[in-house]
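Trainee: I have a model to go through. Can we take it step by step?

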Amino acid sequence: MQEKYHPQSIEAAAQAHWNQTRAFRAVEDPAERHGKPKYYCLSMFPYPSGKLHMGHVRNYTIGDVLTRWHRMRGYNVLQPMGWDAFGLPAENAAMQNGVPPAKWTYDNIAYMKQQLQSLGLAIDWERELATCTPRYYKWNQWLFLRMLEKGIAYKKTQVVNWDPVDQTVLANEQVIDGRGWRTGALVEKREIPGYYLGITKFADELLAALDTLPGWPERVRTMQANWIGRSQGVRFAFPYTLDGKAEKLWVYTTRADTLMGVTFVAVAAEHPLATLAAQNNPALAAFIEECKRGSVMEADIATMEKKGLPTGIFVEHPLTGRQVEVWVGNYVLMGYGEGAVMAVPAHDERDFAFAKKYGLPIEQVIAQGDATYSTDAWQEWYATKEGVCVNSGRYDGLGYQDAVDAVAADVEAKELGGKQTQYRLRDWGISRQRYWGCPIPIIHCETCGSVPVPDDQLPVVLPEDCVPDGSGNPLNKREDFLTCACPRCGKPARRETDTMDTFIDSSWYYARFCAADNDAAMVDERTAYWMPVDQYIGGIEHAILHLLYSRFWTKVMRDLGLPGMDRNGGEPFANLLTQGMVLNHIFSCRTEKGGVEYFAPEEVELLRDEAGKITGARRIGDGGTVDYQGIGTMSKSKRNGVDPQSLIDEYGADTARFFMMFASPPEQTLEWADSGVEGAHRFLRRLWAFGAALGQVADTALPATPAASAAPLAVLRREIHLALRQANYDLSRHQFNTVASAGMKMLNALEKAQKEIGADAEGRDTVIGEGFSILLRLLSPITPHITHALWRELGYGNDILDATWPEAEESALVQDEVELVLQVNGKLRGAIRVPASADRAAIEAAALATEEALRFMEGRPARKVVVVPGRLVNIVA
RNA sequence: GCCGGGAUGGCGGAAUCGGUAGACGCAGCGGAUUCAAAAUCCGCCGCCGCAAGGUGUGGGGGUUCGAGUCCCCCUCCCGGCACCA
């Protein structure tokens with residue numbers, strides 16, 4: 001056995017052993033799985049951006065620890081891996097260096113796969129998949145066609161960011177301060193046709209099923225519930241007459257109790273009434289044009305200056321018949337709700353600000369207690385639902401719910417609306433005007449219109465040799481792709497060139513891993529065995545979109561009767577661990593065109609103020625200053641990712657894994673710093689050295705008669721089993737940093753015992769041997785290579801993967817005497833030792849008799865003595 | 001702006017149910033070993049104080065015998081906001 005720790009050779013040997021024994025091949029066959037319960041552990045698959053970053057190492061190590069821990073505890077485990085391989089970065093890379101996205105993607109996959117393998121993850125690579133292969137995306141297309149048939153998929157207009165110079169649709173990420181990232185041109189909103197998936201049809205089920213997911217973090221369920229945003233309100237109309245015809249302007253509100261306070265109505269720039277009013281109003285037409293500039297992002301719209309212009313059109317208040325003017329507001333969205341909102345300036349903060357700005361009337365209709373209403377400044381209570389109606393005629397004195405009920409009944413009686421349940425959730429627009437994605441299987445025929453591609457012609461294969469240049473989708477120039485025959489009439493026709501949102505790819509990959517090699521079906525009986533995913537692990541940034549889309553997609557597959565999709569009540573992920581982001585500093589600088597260029601942290605030198613706060617940075621090469629953007633998620637686009645490769649090359653995968661787990665608990669955000677790596681590596685060297693010095697383990701039988709609990713060997717055994725008990729608890733709650741700590745504590749205790757307990761002490765070698773075997777097994781999920789080598793070298797067994805998981809023994813934990821903290825008036829004043837069996841009275845007496853108690857009670861009598869068994873005694877004097 | 005989360009020594013973090021704040025590491029300081037260095041080992045290590053002691057978990061208030069933990073208010077930071085993935 002090597003005296004020194006050489007991670008490279010140890011890790012290569014362990015990985016070769018796992019390959020030879022096909023150690024991580026998952027089996028569905030009942031004959032092979034020996035009645036073990038299944039455990040499907042899945043980490044979110046990576047986008048093949050080029051290199052792994054620390055966020056990946058964190059994510060995949062967490063999954064690997066859980067996988068290996070469950071395997072050793074007798075589960076039949078599956079841990080697959082694949083590639084979320086379609087997406088924008090491949091097109092950006094193509095624009096930069098002229099390489100086709102396909103080649104760039106496949107090269108990245110090859111490199112990153114080798115990086116993942118060097119981490120020693122217990123992955124069944126035989127199930128690997130990439131979403132950019134026709135074998136995979138054929139089933140996106142197949143399921144899309146099923147959704148079309150069922151009316152879940154449909155076509156309508158969508159609003160996109162349009163770059164007028166490049167004549168192309170921009171992703172939100174490509175819009176910087178309202179301008180195109182490459183051209184610097186002001187971005188416009190443009191309406192184009194696109195396909196939508198009716199996720200809102202599932203809104204109630206998606207909301208209700210959150211309560212059936214106790215294995216999900218509370219915060220994720222809350223975020224999803226808020227996102228779905230079910231609200232009970234009233235949908236009603238403001239009638240008006242146009243060219244002698246009776247028309248209705250519809251709005252929706254959750255505050256029908258404030259209806260009597262409506263002083264104007266605001267509509268979106270794209271609303272038909274706005275278009276109409278603009279026809280002979282040049283100022284309004286110009287304003288509507290202005291509204292169309294800027295991005296479509298909600299965050300931008302919510303923070304921009306609220307502006308409006310009157311249309312000169314009046315509608316009738318549905319209850320009073322009073323004339324109410326219609327305004328165009330830049331904050332009203334056509335794509336959400338009715339594209340129009342009633343404005344109650346007195347009781348809505350946004351309407352209040354808008355009314356103050358344009359001098360519109362503010363009329364109080366809700367009162368709370370004695371609070372006086374003033375239009376001078378907005379106050380929190382103005383928006384209360386706790387108050388009662390005032391200045392509201394027959395509704396005066398009613399509370400929120402009574403007022404809403406009464407108003408709803410009244411508009412209903414006038415046939416102008418009624419109660420309605422609404423959702424904040426919108427249908428899922430899936431059309432992307434991009435090349436590197438899954439083609440939408442539609443053929444456009446002049447005669448027949450949009451015709452679905454027949455199943456037997458699937459997949460519609462994406463040509464892999466295109467190179468996007470930033471001016472639109474290159475598929476529009478590919479005659480060989482475009483040209484086809486109409487499936488219905490046979491006449492020449494054109495293929496749809498829009499591709500699918502890449503969230504579709506990741507909405508069902510977990511199901512495909514179970515049947516990755518099936519070319520005849522999307523999923524099969526093996527899916528039914530493995531589903532649901534028992535443990536899903538991924539970044540908190542996916543808390544809403546990816547997870548909600550996956551839940552929706554699973555329910556659609558379930559409704560089609562596909563195998564396994566009905567498991568767990570149609571929910572794909574039984575337990576969810578949301579990993580915190582790995583953050584690093586971000587440095588950027590503006591380009592001439594108004595875009596943003598990013599610099600890697602190693603390319604700049606930090607500038608700090610007197611307090612040590614970072615204010616900016618200087619490029620190392622040319623000394624140019626760059627802006628400090630604070631810290632944020634490691635990402636390729638921001639160039640702040642840290643490649644783990646140098647860490648692995650220098651210290652080995654076990655050190656990288658151990659350090660990552662030790663650095664912080666998984667759910668917590670982690671600011672990257674490599675300052676603890678040395679310590680992690682030092683610990684593994686000590687572990688190796690201890691094993692090397694221990695040599696072959698001879699006898700594993702513990703002494704028949706346990707020593708007194710104060711004897712050094714009993715103390716050692718207690719320390720080991722105490723740390724083990726804590727570590728097992730910590731594993732169960734996924735707090736791996738303290739599991740690593742427990743391993744360190746065990747080694748500290750073993751080293752101390754070996755030094756201090758004489759070699760002639762009876763049972764010494766067995767207790768130390770037992771302790772070390774517990775330590776190796778405990779660490780093996782985190783550092784699988786070194787523990788694999790030591791387990792074999794010391795003769796504990798052939799393969800630590802087959803060892804049983806250690807459990808703490810109660811008999812090792814007993815103590816004859818315990819120490820209790822002594823407090824006087826809640827302040828720590830000392831400690832007392834009492835027999836473990838001492839009762840309350842005995843503890844009180846012992847505490848009151850101490851010198852510290854007498855001193856700090858200063859002659860006052862004890863008014864009360866609080867005894868917390870096993871912990872403390874507090875004398876209140 | 002809205003929704004969700006976070007803040008504990010110089011740094012990462014620990015403290016399971018409201019019960020010894022700072023486990024386990026990193027960095028630092030002192031020592032041993034060494035011709036020397038690396039490596040290794042031993043000790044110290046929140047802040048103020050010679051000590052007794054006081055004080056301390058982002059800031060302010062509250063509940064309690066006792067608060068990092070519970071309640072109210074505030075600040076800053078992170079994630080998401082539907083075309084980054």
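Mentor: The buried residues of helix 17 are His546, Leu547, Leu548, Tyr549, Ser550, Arg551, Phe552, Trp553, Thr554, Lys555, Val556 and Met557. Buried means under 20% relative accessible area, with exposed over 50% and partly exposed in between (1.4 Å probe, protein chains only). Helices are DSSP runs (H or I, at least four residues), numbered from the N terminus. This is a predicted model, where local features need pLDDT of at least 70, side-chain atom pairs count only at pLDDT 80 or more, and totals for chains, interfaces and linings use all residues. Residues are numbered from 1 along each chain as its sequence is written, chains are lettered from A and ligands numbered from 1 in the order written, and side-chain values use heavy atoms, without hydrogens and water.

Trainee: Why is helix 17 largely enclosed by the rest of the structure?

Mentor: Helix 17 has 15 residues, 545-559. It is largely enclosed because, of those 15 residues, the number buried is 12.

Trainee: Which residue has a backbone N or O atom 2.9 Å from a base nitrogen of RNA strand B?

Mentor: A polar contact is a pair of N or O atoms within 3.5 Å. Aspartate 84 uses its side chain, 2.6 Å from a sugar or linking oxygen. The backbone atom at 2.9 Å from a base nitrogen belongs to arginine 426.

Note on methods:
A polar contact is a pair of N or O atoms within 3.5 Å; within protein, one must be able to donate a hydrogen and the other to accept it, and residues adjacent in sequence count only if both atoms are side-chain atoms. Helices (H or I, at least four residues) and strands (E, at least two) are DSSP runs, numbered from the N terminus. The expected span of a helix is 1.5 Å times one less than its number of residues.
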